[in-house]
Every structure is written in structure tokens, then in C-alpha cells.
Amino acid sequence: MPLSVKQRLAALRALMTTHELDAYFVPSVDPHGSEYVPDCWQRRAFISGFNGSAGDVVITAEAAALWTDGRYFIQAKRQLKGSGIKLMKMGQPRVPSLEVWLAETLQRGQLLGADPRVLSKTVAARLSAAAEKAGAKLKLVDANLIDQVWGEERPALPQAPVIVQPPRFAGETVKSKLKRLRAELKTVKADALVISTLDAVAWTFNIRGADVAYNPLVIAYGLVTDQGATLFCDESKVSDKVRATLDKAGVEVARYEALGKMLGELNRAKASVWVDPSTVNAWVLSKLRRAKLKEAASPIVRIKARKNPKEIAGAQAAHVRDGVAMVRFLSWLEGAVAGGGLSEIDASDKLREFRAEGELFHFESFSPISGYGANGAIVHYSAEPGSAATLKPEGLYLIDSGGQYQDGTTDITRTVLLGGEATAQQKSDFTRVLKGHIAISLLRFPVGTPGRNIDAFARKALWDVGQDYAHGTGHGVGAFLGVHEGPQAISPTRCTGVPLEVGNILSNEPGFYREGEYGIRIENLVLVTEDKRDAPARFLRFENLTLCPIDTRLVQVKMLTTEERSWLNAYHKTVRETLTPLVEGKARSWLRSATKAI
């Protein structure tokens, strides 16, 4: 029988005693700094029972605490109940940060342990500074203690085959990308670039896989020098055909474990090595102690975020197919709910079936958030067998989902009325969220504007009545890569200050959540483009990619300005004209009705 969370914590504390540790840090990330990690590296979820995508845990001999953001407050509260782990709601008044808590909790002479493979240079520095404030020290322990507690129950490393992302989708050859990266190396006078993050590896070498749920990624490292390029991964997953394609592009394939040896050679040569301090882990750095480190954001991050013309065309095409799936789903949903017995899981499973019928579909881009009524108020709710709610022909239903198509990644949220009449409060809340969504869609902003500078436009209608939502307004999205991509973001927290650029794809997803009642979110993906209108300075704007009706039964029309109403009607006209030829029967009739002008 699997151990309970309390039993796992007891086993971990015994190991901490063996290693002479007084505290142990367990982040959510893997050796590649991933937000979404393979099952075998879901260590924080294993030790705490909280399975949201973001959250870090610290365990001491007497206490344990987990820090997560506003997307997961309700979920974490439920999942941590009875575990002995205290929930720390990040960003809330009187809630200490992880670092402050460490400084206040650790005692002089104590040791805080952590696995160097899951600590970035930046995080390691923060933990070390926090420990030192208390007179304690950070101790890097090569053996991961969570893995030892997990034992034989720990899932094996994934074995999905590596596939090639051809230039017709990638828009650029591997040779061209390597040439650009070598030019970047020359600019900073570096001999090598270490590529740590899985999406950066996939982008650089035009490969994809299925090692991480919902993400077409391969567990791998990359290394680019002025003379060569190496992909470090499980070689058994690389077919002769894929290997030949990489070889032709000048890429050598080596064992995943061979990275340490290659780094050692660079270290002995005292080479100049470019590493990204926000993602490179402490284990990699330990192999480069004599090397000359060039610490800066990886050049791949911003290049990858600026989608090229073929990636943009692919995203547009993928969203048309995704829109067809959504229209078929929403038109089906009305009858299915009326028939009774439809659960939140049944609904999201049916949506996946509709998507799977579309060309180039691989799998969903994240675990769908299918929340009826009060469950919709849990920002990152996950319906589970045995407890999933049954949808009824009344109230609000929130469905946040997406697809991984070989030509693009989608992410969409719609909140719909399942029957009856919406209450005045529901209409008011929905319309204020819609006003924020439209504000971002209509916005013009100067070149050089970071996403955090425009986040407030989406919140103003809610702020006007003292309301808000505890998540960012938008995140970056990859091209058949991760549904969350940096550095671009419309958020006061996720945004690092990097300006929005032409070719960036982001979500536009304001929301509002009444705990215990319902949740509302409206999400489209948008493309940053040039604003061609005359202006004293060069301005940018957003172009909608997502094509799906917004439920006008929930709109309080009197609350919309003339400009906002015109935007909604124009958007629905585009949706109707684009998708009507691609659907038939009941779906076509439903689409025409759902996109009528208001």
C-alpha cells in the first residue's frame, strides 16, 4: 500500500537525520528547470500530495510548509488538509516568503539540504543567503532524498521516441539556428553555450517528443560550440533516420549522462561558457568551476519567442481546427447536459475526442480544467474520478483546455451558461471580465512595453468595484512546444521586464472567482503585431488567434461601451465567417445563433 503523506514525511526526516540535515528543500522543477515535469521527477507532488504545477516545499524536523501562487490557493488548501504541511499563500499580507521563513526558522549551525540538479544558480544563491542570515548553511546533497523515499514505486524515465519537426513547420533549419547561436557566442566572446531547458533544446535541434505529459519535449541537454553541436539524450529513443537528419545538420547525438564528461573537458580547458543563471542547475555549474562563465539569459529564449512567418501561419491554421473542435463541443454540450449524467470528466474527454479528429493533433496541451459551479472558482481545478461534479442544465461551467498540433499550440477558456437564466450578479461579473478581455484586445502600446505595464487594463473594470483575480492576465505560448513560454507575459509577477515583441504569442485571460459559487474566465491567444495606423511613434497591437464564440447570454449589454460592443460583434462575425464552412448540421446552426450581433 502506498505511503501516506505523513508517512513519507517521516521517512524523509529519517533520511535527513542520516545526512545530518536540519531542513530539506523540494522544488517543483526538474533538472531542466521545467514547470511541467515528467512523472519520474514529480517529487514535490509525491512528498506533499499537492499536484499543482507550481509550488515549493521545505521540511524541517518539526515543521513543513508549501509556497504556491494564487492560481492554486483553493486546490492546495484541499490537498494539504491533514498532511501536516502548512500552506503559504505567496504574495498575501503577513505571509513570509520562503527565504524569509528560512531565515526566521533555521538556527545557527544548521544545514539546509537540496539536490544540486534541481537548483538553478539563482535559486541556490537565494537559499544560501537566507540560510546565512540565520547562521546556517546550504548543503548540496548529490543523492535526491525524495527518490529514496519513493523507492520502487517511482515511475521510470519515459521512453517516447524522438521525432523531427520539419522546416515546413519550424520555419528555420537547424543549420540556420546554429549559425545564429554561434554569432551570439562570438558577440559575447564565449566558446560554448549550455542549453538546459527542454523547450530550448527542442527548438534548437528541431526535435519533439512526448517525455513530459502535454508537452512535445525530449529529456535532453544541448551544447553548442563554435565548432560543433551535441544533443545529450537517451540514444535508444533516436532512430537511425532521426540521427541521420541531425548528423546532416552538424549535430552529434550522445548519451544523456555524457554531458558531465563534456563539461569537464570545457572546465579543464578553462573555456568561456555561456550559462543562463535562471535555469542552469548547480550540478552543471559544479562541473565548470575553472571555466570562465558568461552568465546571461540564453539567447534562445527571446529568439524562440519571436515566431517566424511559418510558425505564425501554423498557429493560425491550428486555431481554425481548434475552433472547429470547440464549436462542435459546445453545440454538443447543450444536449448532453440536458440528457443528464454528464460529469466534468466526461465533458473534457468529449472535447479531446473532437480535437483528436483534427489534422496534425498529437495530444492536449495541458490537463483540462473542467469546472462546474463552485469547482470553476478553483483557478487550476482538476476533476478526479469519484468526486467530479455532474453538470446540470443550470449555472456556469468553465472549460479551459488546449491542443498540441504539429503546427501550433492552443489554449482557450470559455465560461458558458448551461441552462436557465443567468443571475444579475453572474452577468455583472462576466461582463466585467469581458470588458477586461476586450481592453487588452483593443490596446495599442509603444514598442518596448513590457507585459506587466499593460496588465492593469484587463483588471480596471473589476477594480472599479473592488474586485480582482489572483493570477496574471497572460502567459507566452510556444510553437508546438510548451503552453507556458517566456520571457513574454502580461503579468505583474511572471513578467521579468522583457518587452513584448512582434511575433510573440500570449494568452489574454482575465477572470473572476467567487469561492463556493462559480468561476469566470475568458481566454483567447493573441499575436503581437505592428500597428499600421499613423502614430508619432511605432506602436504594437494584438491580433486574435482563437476562434470561438463568447457566451452572450452572460453579457449585460448596458455595461458595454459602443466600442466594446462593436469589438464583440466584429469578433463573432470573424468566427462565424471562418468556421461556418467547416462545420455542419447542429454545430453550424448553433454557431450562427451563438455569433449573432448584440
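Strand S1 (residues 23–26) gives the largest share of the lining of the largest cavity, with 3 residues. This is a predicted model, and the cavity in question holds about 60 Å³ of space. Beyond that, there's a second largest pocket of about 470 Å³ to look at, plus helix H14 (residues 309–339), which packs against helix H15 (residues 344–356) and also against helix H19 (residues 585–594).

**Cavities**

- The count comes to 4 cavities of 30 Å³ or more.
- For the largest cavity, the lining is made up of Tyr24, Phe25, Val26, Pro27, Val29, Arg43, Asp115, Val118, Asn144 and Ile146.
- Sort that lining by class and you get 7 nonpolar residues, 1 polar and 2 charged.

**The second largest pocket**

- This pocket has about 470 Å³ of space, and 21 residues line it.
- If you want to find its centre, head for Trp41, Arg117, Leu157, Tyr256 and Glu257, the lining residues that lie nearest to it.
- Its lining splits into 9 nonpolar, 3 polar and 9 charged residues.

**H14 against H15**

- The axes of H14 and H15 come within 9 Å and cross at roughly 140°.
- As for handedness, H14 goes past H15 in a right-handed crossing.
- On the H14 side, the contact uses Asp322, Ala325, Met326, Arg328, Phe329, Trp332 and Leu333.
- H15 answers with Ala347, Lys350, Leu351, Phe354 and Arg355.
- By class, this contact has 8 nonpolar and 4 charged residues, with no polar ones.

**H14 against H19**

- Here too the axes come within 9 Å, but H14 and H19 cross at roughly 95°.
- That makes H14 roughly perpendicular to H19, since the angle falls in the 65 to 115 degree range.
- H14 puts Val327, Arg328, Leu330, Ser331, Glu334 and Gly335 into this contact.
- From H19 come Lys586, Ala587, Trp590 and Leu591.

- Gly486 and Pro487 are joined by a cis peptide bond, with omega at about 5°.
- Pro487 itself sits in strand S23 (residues 485–490).
- Arg94 has a phi near 65°, which is a positive value in a residue other than glycine.
- You'll find Arg94 in the loop that runs between strand S4 (86–89) and helix H4 (98–105).

Key. Residues numbered from 1 in each chain as written. Predicted model: local features only at pLDDT ≥ 70, side-chain atom pairs only at ≥ 80, totals over all residues. Heavy atoms only, no water. Axes fitted to C-alpha atoms, helices over the stretch in contact; angles between N-to-C directions. Helix = DSSP H or I, 4+ residues; strand = E, 2+ residues; numbered from the N terminus. Left-handed = near helix turned anticlockwise from the far one by under 90°. Contact = heavy atoms within 4.5 Å. Nonpolar A, V, L, I, M, F, W, Y, C, P; charged D, E, K, R; others polar. 1 Å grid on protein atoms, 1.4 Å probe; cavity = no way out; pocket = protein on both sides within 12 Å on 5 of 7 lines; lining within 4 Å. Points joined across faces, edges and corners; volume = space filled by probe spheres on them. Parallel < 35°, antiparallel > 145°, perpendicular 65-115°, else oblique.
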